[in-house]
Amino acid sequence: MSNSDEIRGEQEFIDGLYARVDALRGDTESGVTDALGQGNTPMQARLERDILVAERSGLLGALNAVDGSLCFGRIDLTAGGNHHIGRIGLRTDDAERTPILIDWRAAVARPFYLATGHTPMGLRRRRHITTSERAVTALHDEILDLGDQERTGHEDPTGDAVLLAALNTARTGRMNDIVQTIQAEQDEIIRAPHRGVLVVEGGPGTGKTAVALHRAAYLLYEHRELLAKRAVLIVGPNPAFLGYIAEVLPSLGETGVLLATVGELFPGVRAKGADSREAAAVKGRADMADVLADAVRDWQSLPDPVIAIEHDREILMLDDGLVSVARERTRAAGLPHNVAREYFEGHILNTLTDMVAERIGTDPFDGGNLLDPSDITQIRDDLAENPEVWAAIDQLWPRLTPQRLVSDFLADPVGYLPDEDAAAIRRPTTRDWTVADVPLLDEAAELLGVDERLARARADRARETQVAYAQGVLDVSYASRTYEFEDKDAEDSEVLSAHDIIDAERFAERQEEDDHRSAAERAAADRTWAFGHIIVDEAQELSPMAWRLLMRRSPTRSMTLVGDPAQTAEAAGVGSWHKILEPYVADRWSHTRLGVNYRTPAEIMDLAAAVVRAEHPDFEPPSSVRSTGVRPWVRATDDLPGAVAKAVEELTPAEGRLAVIAPRNLHRRLAARLDGVTAGTEPDLTRTVVLLDPRQAKGLEFDSVLVVEPGRYGTSDLYVALTRATQRLGVLHTGRLPKALADGVSGP
Ligand SMILES: Nc1ncnc2c1ncn2[C@@H]1O[C@H](COP(=O)(O)OP(=O)(O)OP(=O)(O)O)[C@@H](O)[C@H]1O
């Protein structure tokens with residue numbers, strides 16, 4: 001076959017695949033339209049319709065998402081025949097249902113990623129198919145069976161042309177999937193068993209984030225049953241980062257995933273405030289769990305010295321001795337505070353009942369008690385009607401919300417912590433919640449528990465509303481009943497109206513069961529949700545308190561943690577995997593390392609590594625997969641805004657993105673000189689020029705990067721900033737220059 005025949009052949013095949021996708025999409029769309037057009041059908045049918053619409057909409061979403069590059073590879077087998085590999089699997093629309101496109105996650109597709117000339121895994125040839133929209137634009141073939149003489153004219157002798165093209169393309173501000181070029185070391189991690197804790201460590205640009213996202217897609221494919229129900233959680237360091245990675249999973253046809261920062265994991269709270277570095281470090285420490293437990297105990301107070309309760313025209317004196325006994329008995333039950341309150345109420349009511357009984361029932365002659373059990377019950381019931389009794393109980397053992405506990409604690413933490421730490425976290429109760437507050441709120445929720453009676457009362461009220469609603473719905477369907485039964489069509493006359501099969505109560509129950517939100521949506525609204533799998537990116541940044549929160553969300557400890565200790569920025573970050581995991585899984589976790597940097601060219605990586613080596617001489621950076629021949633530059637200036645504006649002009653790529661990374665307090669001055677720049681807490685990363693502080697740059701990448709005033713960053717922040725570029729790096733400074741930068745480059 002000639003060179004162009006090969007392309008034509010693939011084009012025809014791919015046209016066939018798209019025809020199949022279009023037909024499927026048409027079927028799915030009309031299925032949804034028909035279902036929605038059914039109008040006021042009986043209840044059961046309506047529930048089924050909702051499920052069908054949800055399922056079909058998911059399928060439709062997947063079909064639309066993969067449209068860009070449905071098929072990207074082909075493997076030719078030594079034994080004859082071939083398989084095309086794509087983002088989703090497709091079968092023929094006939095009785096045989098023959099596979100025509102293999103999902104990249106299927107076992108059959110694996111040799112596409114792993115086969116080498118050395119270990120061909122039954123392959124003769126591997127082909128990468130590049131498409132633009134629906135048109136085939138290039139083919140790259142690798143011969144894996146060296147004895148095979150057949151040539152296609154599309155041979156790629158080094159086998160890395162497609163990878164290098166992907167690494168060199170202009171960035172868009174949104175991460176792309178790497179499904180066409182997953183490397184063998186990455187594939188192994190993506191397909192690792194989902195049980196247990198897997199730690200993936202690797203330097204900048206080694207594909208940790210990409211691998212984590214593809215792993216989520218793989219797990220959803222391989223364990224669809226389990227994970228569609230329990231959902232996968234992906235935790236990232238900040239909202240800008242989550243925006244950056246948000247399109248990867250949908251492009252792989254997967255949407256059943258919750259992406260969140262730790263600051264978003266307490267439903268009902270949005271962390272908008274900022275903490276100082278010291279405050280975040282103190283709030284993140286593991287001993288905060290004990291501190292909060294102490295704070296809860298301090299709400300369980302004693303009278304000072306008595307509480308006088310007027311009852312039945314007498315005064316009952318509740319003193320600290322009596323309350324102390326009730327408190328100790330309640331605490332001995334070992335229950336969360338709000339749950340234990342019911343026991344405390346019981347003890348106090350008993351204490352007061354004894355007092356009253358003693359006063360009115362004592363036999364003046366022998367000191368015995370003249371009351372019988374029904375009198376005692378009556379006294380207790382009367383006391384339970386007395387608002388003063390409840391006011392005393394509320395004072396001594398108040399019901400608390402996590403928000404109340406934490407905000408009161410932060411308003412006055414003195415006495416719970418060393419003075420310096422208390423001063424660092426102290427703040428008025430009116431302030432916004434911060435990210436570091438969220439694990440404290442979660443801890444507080446655990447310590448407080450849910451008052452079962454309150455929860456039951458709330459559930460009862462909700463149920464009553466639902467039953468009333470159901471009754472209304474059933475009345476409507478009852479009205480339509482005659483019509484249904486009079487219908488001439490025999491099949492329709494078989495249809496039972498909702499009334500025949502279900503009463504209002506049961507319908508309400510069924511409504512509760514049939515919650516049509518996706519698992520990810522339900523998980524987002526539920527603090528106690530147990531996820532099927534949790535993936536944590538930049539895991540080295542999380543504090544011990546944040547780990548406590550995440551471990552609660554993963555009772556099965558099915559987790560993938562990715563990170564790089566050399567990039568740890570947060571003072572609260574734990575730093576060592578052993579320290580993070582020891583309390584939860586002891587040493588039952590596995591560890592793997594990625595060693596190739598796909599992002600940063602060797603010229604830039606050498607400079608960044610020198611910065612870390614100045615502090616840690618044994619530091620081993622990942623090796624860059626490519627070099628560009630373009631050396632980074634470092635320049636001194638007296639006029640920073642002017643020099644930045646000039647450098648931005650010089651570095652802005654014709655296509656692609658530029659990041660200016662500068663300390664936050666310079667942003668206003670710099671932004672004033674940069675037209676159309678985007679900045680702020682949630683910058684729009686799709687704009688050509690983005691202004692970021694070093695923390696915001698974490699996990700992101702750009703074609704060009706300009707680092708401003710490097711002398712003002714800590715080593716790990718500087719390492720992060722210097723390793724964000726795929727092509728060019730410039731450094732500008734007025735002040736001190738870290739020696740490694742001065743030595744590494746000589747500016748013009
Ligand atoms: N196999 C691959 N094929 C194509 N591109 C890849 C591959 N592996 C990684 N990349 C690209 O390399 C870049 C870096 O990947 P990624 O952001 O996942 O690295 P990282 O290890 O998370 O980096 P950092 O720790 O610096 O945030 C991304 O653009 C990613 O798409």
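This is a predicted model: local features need pLDDT of at least 70, side-chain atom pairs count only at pLDDT 80 or more; totals for chains, interfaces and linings use all residues.

User: Is Gly-205 buried or exposed?

Analyst: A residue counts as buried if 20 or more other C-beta atoms lie within 10 Å of its own. Gly-205 has 26 other C-beta atoms within 10 Å, and therefore Gly-205 is buried.

User: With which residues is Gly-205 in contact, leaving aside its neighbours within four places in sequence?

Analyst: Pro-204, which is found in the loop between strand S7 (197-202) and H6, has a list of its own that includes Asp-564 and Gln-567. For Gly-205, with neighbours within four places in sequence left aside, the contacts are Asn-597, Tyr-598, Arg-599, Thr-600 and Thr-723.

User: Which helices each supply at least two residues of the shell around the ligand?

Analyst: The ligand is surrounded by 24 residues, and Pro-204, Gly-207, Lys-208, Thr-209 and Tyr-598 are the closest. The helices that each supply at least two residues of this shell are H4 (161-168) and H6 (208-222).

User: How many residues of the shell around the ligand are polar?

Analyst: Sorted by class, the shell around the ligand has eight nonpolar and four charged residues. The remaining class, the polar one, has 12 residues.

User: At which residues does UniProt place the feature "binding site"?

Analyst: The UniProt record is an unreviewed entry, and its annotations may be inferred rather than shown by experiment. The record places this feature at Gly-202, Gly-203, Pro-204, Gly-205, Thr-206, Gly-207, Lys-208 and Thr-209.

Key
Residues are numbered from 1 along each chain as its sequence is written. A residue is near a molecule or strand if its C-beta atom, placed from the backbone, lies within 6 Å of it. Helices (H or I, at least four residues) and strands (E, at least two) are DSSP runs, numbered from the N terminus. Ala, Val, Leu, Ile, Met, Phe, Trp, Tyr, Cys and Pro count as nonpolar, Asp, Glu, Lys and Arg as charged, and the others, Gly among them, as polar. Two residues are in contact if their C-beta atoms, placed from the backbone, lie within 7 Å. A residue is buried if 20 or more other C-beta atoms lie within 10 Å of its own, exposed if 12 or fewer, and partly exposed in between; C-beta atoms are placed from the backbone.
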